[in-house]
Every structure is written in C-alpha cells, then in structure tokens.
Amino acid sequence: MTIPLLTAPPGSAPVLRAVDLTRSYGKGQARFDALKGVTLDVRRGESLAIVGRSGSGKSTLMHLLALLDRPDAGRIEVDGGDVSRAAAREINTLRNQRFGFVFQQFFLTAGQTVLENVSLPLMIAGVPPRERKRRALATLDLLGLADKAGNKATDLSGGQKQRVVIARALVNEPDVIFADEPTGNLDTVTGHQVEDILFGLQRDRGITLVVVTHDEELAERCDRRITIADGLLVGRADAAPSVVTDGADR
Amino acid sequence: MRTTDIVRSATRNAFRSKLRTTLTVLSLFVGAFTLTLTTALGAGVSDYVTKQVSSLSTGDVLLVSPAASTDTTEGPNEYDPNGRQQSSQANPLGAGTLLNDDDLAAIAAIDGVDRVDPIRQVSVDWIAAPGSDDPAKFELSVNPTSSIGRSDLAAGEQLDQQADEAQLILPEDYLDALGFASADEAIGQSVELGYTAADRTEQVAEATIVGVARASLLASGAGANQQLTAEIADAQAVPGQPDAYAIAVAYLTGSGADGAVTDADVTVVKAGLADADLAGQTVEDQLGVIQTVINGIIGVLTAFSIVALVAASFGIVNTLLMSVQERTREIGLMKAMGMSNGRVFGLFSLEAVVIGFLGAGLGALAAIGLGSAISSVAAAGPLADLPGLTLLLFDPVSVAVVILVIMLVAFLSGVLPARRAARQDPIESLRYE
C-alpha cells in the first residue's frame, strides 16, 4: 500500500498548511463558531505555540491541524497535498505514521506496563511484537526510562508519566508532535524538564512541535507564536532571535 | 493493527475487571450447561430409540390392520355375514376389528407386496429344557411382533420366517434358568414349550433356539418364527370359527438397488391398503410417536436454556457498555493514534466473543463432567434393565455447535457496545476542560 502523502519528499512546502478554516458546533440558536477563517503555515522543524484563552478556538485549531477533526470549510494541506477529501483510512495512517500526541492528561492505560503503553502506536501500525519491543525500549532509553519498562504505568511519578507519554508520541518517529498543555499537570521543575525534552527533540531531530498552551513562559520558548481569539487569528509573533532554532530555517 | 494483537488485547481486556467478567461468564455458564445437557439427553434418547427401531424393523414390512371406521353419519352399519369379526379381547396392536382371510387375499393382491403373514397371538404356558422326565418349567411370553422384526441379539441369528423348523429366540435372562452356561452354548439347542390347546389339553411343542436376545425397551418376550406360531395357533384356534387376525404383516418387494424397499414403495402400498379399507404402518411410523413425545420434552428443556442465554446476553451488553464507558479515554487515544473504527469495533466485539467462549466452554465442560457421571450412575442403577441406553450422549459436533452458537450470541450482544465504542469521537473522548 502506498500513500502518496507518506512518500512525498519533504520539499519547500510547509509541513502543515491551514487555509481559511472554519468550524462551528451546534445548530440554530445554539450554534457556536469556534473558528471563523484561520490561515496558517507550520514550517518544517519549527516550534509553534498556539496561545489564547479558554474557548478561543485554539484547541479546535490544533484538532483540525492534527486531522482529528474535519473543517466545515477551508482545507488542510500536509506537505502541500490537500487532505480535506482523503479517506478516513488514509488519514488514520497519516496520523499513526507522522504525528505524535502529548496531552495535558497522561492517558496511560493503568493495567499495562510502561513498555506496553509506549508500544501502542506501533501495535496500531501493525509492527511485529519483537520489533515493537526493540523500538519501544530504544525510545524509553532515550528518555532515561529504560529501567522502568517493566513497571506498571500507574506506579510512576507525574514527571515520569509525562516522559512515558513523550516516549509514546516519539516511538513511531513522527514528523510532528502535537502537545496540548504538555506541562499543565506538572509542577514547575518537572514542567521545565519536560519542556527541555520537547525542545531538545525539536532541535536535535528536526521534529516539528505544535504546542497549545496559555503558559506565557512556554510560549516564549517557541520559535513562533500565534494568538487566537474568538475564532480568529489575531496575532503573530516571532520569538527573539536568541531562541530561534535552526529548524525554522530548514 | 494485527489480528493476533487484537485477539490478545481483547482477551486481556476481558480480564481487566475480573469480578464483572466472572459474573457475566457465570450467567453464560448456566445457559451453556443446560443447553449441553439437554442436547446430550436428546441425542442419547434418540440414539437409543433409533437403535431400537433398527433392531425391531427389517425395513421392508408394513403392519396392516383394518382402517379405523370414520363412517359416523349414515346410521348403523348393515350386517355383512362375510364381514370382519370384532375382537373379544383387547389387543395392543390393532383396533377392535379383526382381519379375515379375504383381507389377507386383498393385501397379497396389492402391487409391491411380496407375501403377507397374519400375526396370530399365541399363549405359551411354560418353557423347559428337554432331556429329563420332570424338568423345571418357567413361564414364557411370546412377543407377537417377533415375526416382523429383528431382535437385538447377544448370540446366534435372526428368525427365519420361511423355515420349516420351529425356531425360537430366547430372552437372555432365561439362559441360567434353562441351564445354559453362555449364550453361545444355547444356540442350536432345542427346548420344549408347553401350551393349552383349544380343547383344554396340555400340548408340548419342540423348538430350536436360533438366537439369544438382549432385553429391550420396545420388544419383550421370546421370538417365535412363523412355523412355531402357526403350530401353536392352529391348536389354539376354536374349531369351526373362521380365522381372524388382529394384524397382518405385509412383506414388500423393493424397487430400489439390490431390491431395497424405498419410501416410494411404502407409499404406493399404503395407498393400495387404504383403497382396501386397510391401514398400513411401518415400524418407524409406530415408533415415530415415541420420538415425537421425546422431541417435545427436549424442545421444552431447550427453550428453558435459550431463555437463560437471552438473559445472559443482556448481561454481556451491560458488561461491555460499562467497559466502553470506563475506557472512553483509551478508545479516544487509540483512535487519535490512527486506529480505525473497524478495529475498535473488532476489539470490543471480540471481547464479547472471549467472554462467550469462556462461559460456553466452561459450561460445556461442566455439563460433560456431571452428565457422564450421572449417565454412568443411571446405567448402573435405575436404567440397568435397558442395556444400550446412554442417557446423555455427548457428541463432539453438537457440543462444538452449542459453544459456537453461544459465541455467536455473545458476539451479537457485543455489537451494540462495540458500535458505540467505534463511533466515539476522539476529541470528545479526550476532552478534559
């Protein structure tokens, strides 16, 4: 099976492009326009912060970019290819192979070991068990959790759990990691450690990072930030040159 | 996701909430247990009746009796001096009306009938081993239908109805009494049968034992061939009275391969008999009534176990709905990571199938264990007089069918919860604001 979108060579096109996205929920009186026309490029290898208040539409924008949801109007391009009309199967494969997710809550399966939790995307991809174990262990090792592989996921501390979640997002070697309030559930020190890991991955492996947050400090560390208010893109700002990584220029 | 991974995950998920799964499995267990037992009971009894039918029937005979009179509208029947006689005594085989020689001739004239033998009821007073002047005598009853069928033989051969010698098939329990060490030793020996003739004189007939028969539910007493019954019946017939018979046996000529009698042959002869105001029944027809009653009882028992299964299936729906509810986040996460709706559906419906398999497998195993114990106890105790009867017959195919049916029921119960899981919106599932 060849999916053109997966094999397309990374050219000059942005890794993700949103064109005039609108999305509303409900009907009639209860209708709520979450996004009212947002156009945005996400460049390969950059770190992008999407900031805004609760209910501004920033989460909706991330869901659309991550292909978890479909826009009412407008289109999403991945590597320059329109995926608005792609089949569900194709989009599932795309998410599985190219995207990684880090959520505010850990969503680790309680009864399973750390290794099994990390292997989940590989299992969904249909990777054979032996290969799955090898890659999951390698990823855990990268995040300094190799010795916890056999532990139950529930036996870990908050910071360790979030590192497991990052390992899970990383195990399928994605191009883009979507992080929705990745430090929201962590204390300041642990939060900083997790941020360091994420930005380290972006810097060292060229992984594009899309972070949804209302944490000013975290947004400051990103190459670029956009502000969403009432379903519209109201501000773009590039960070100070000192924090811009090489990735943004690639 | 690989199919093996789905099966493994589904199995593990089924055991995630052990108490809940155990209780659901138990409710299925009850259904599987009763269904397996009733199926085995039905198979056991049917198998026994079928064996009896084949032991009784040679397959090429019809029992002929006068047709039951349905003529009720035209007042009293006119007297016909050459008509049939009424029986003066109750007869288990036929109606009150007896066949006469005209009827026998009519039967013999029907196309497809090879020959016809009347069944004459004879009464034998005693049987004794020959050789001494004053041997021990034992009561004996002769099975009137022995001339039409076969016996379940322990030794020897079936009766030869056309033989010139008087032949007897001896019930197994007479062996000791008559001084035979084994069934094989009795074959070919002659015995004396004492009877009372019509003129109240004591008579003795000699007969050769050609076979030794096991006891049977449907045929009891000794078997006598046509030669022997004719000899006794002639002596017992009231002088001057025309011959009358409760029932006659029509031997059919077969049109099938090797002269086998086909269903079509039987149908043709039955129609011919009906034209002659006679009714013909095969042995299977007569035993069919027994089979129908047994099937009715088994049917009721099966209905009960199906009610239990229906109740259990609601249990599965409930269990899985709770499971889907609890794992909303997990489902959302898996879907976000690219798991297709079909795979999510497969994961949950397979979990139902696993629960179904557990309940069905354990229930069937328990039923086989307990049923075999009951069967052997019954065979040694209350049913010892019916050799060949296995009360509960566990056929691997029907046990497998029961398990598969229950797994199917479980799968169907899992469809609703699995659909709910498959249709979950990952964004809704992962919302935490």
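For chain B, the unreviewed UniProt entry lists residues 297-323, 344-377 and 397-416 under "transmembrane region"; UniProt positions follow the numbering used here, feature names are shortened, and annotations may be inferred rather than shown by experiment. This is a predicted model, in which local features need pLDDT of at least 70 and side-chain atom pairs count only at pLDDT 80 or more, while totals for chains, interfaces and linings use all residues. Residues are numbered from 1 along each chain as its sequence is written, chains are lettered from A and ligands numbered from 1 in the order in which they are written, and side-chain values use heavy atoms, with hydrogens and water left out.

Let's look at those listed spans. Residues 297-323 of chain B are 100% helix and 0% strand, with 39 Å between the end C-alpha atoms. Residues 397-416 of chain B are also 100% helix and 0% strand, and here the end C-alpha atoms lie 30 Å apart. Chain B as a whole has 11 helices and 10 strands (DSSP runs numbered from the N terminus: H or I of at least four residues for helices, E of at least two for strands). Of its 433 residues, 44% count as buried, where buried means under 20% relative accessible area, exposed over 50%, and partly exposed in between (1.4 Å probe, protein chains only). Among contacts (heavy atoms within 4.5 Å) in chain B between residues at least 6 apart in sequence, 78% join residues at least 24 apart.

Now to the interface. Chain B brings 21 residues to the contact and chain A brings 28 residues. Together they bury about 2300 Å², 59% of it on carbon and sulfur atoms; this buried area is the accessible area (1.4 Å probe) that two parts lose on being put together, summed over both. The rule finds 2 salt bridges across the interface, a salt bridge being a side-chain nitrogen of Lys or Arg within 4 Å of a carboxyl oxygen of Asp or Glu. One of them pairs B:R12 with A:E116. On the chain B side, the elements that give two or more residues are α1 (3-14), α8 (328-336) and α11 (426-429). Of these, α8(B) gives the most, with 6 residues.

Just after α8(B), B:G338 takes a positive phi of about 100°.

Over all chains, the structure holds 24 salt bridges. Here are some of them:

| Pair | N to O distance |
|---|---|
| B:R12 and A:E116 | 2.4 Å |
| A:D69 and A:R23 | 2.9 Å |
| A:D175 and A:R98 | 2.3 Å |
| B:E326 and B:R20 | 2.8 Å |

The salt bridge of A:D69 and A:R23 links the loop between α2 (58-65) and β4 (73-78) of chain A to strand β1 (residues 16-25), 46 residues apart. Both A:D69 and A:R23 are buried.

A:D175 and A:R98 form another salt bridge. A:D175 lies in the loop between α6 (158-170) and β7 (176-180) of chain A and A:R98 in helix α3 (residues 88-98), so this pair ties together parts 77 residues apart in sequence. A:D175 is partly exposed at 27% relative accessible area, whereas A:R98 is buried at 7%.

In chain B, the salt bridge of B:E326 and B:R20 joins helix α7 (residues 283-326) to helix α2 (residues 18-56), so parts 306 residues apart in sequence are tied together. B:E326 is exposed at 55% relative accessibility, and B:R20 is buried at 16%.
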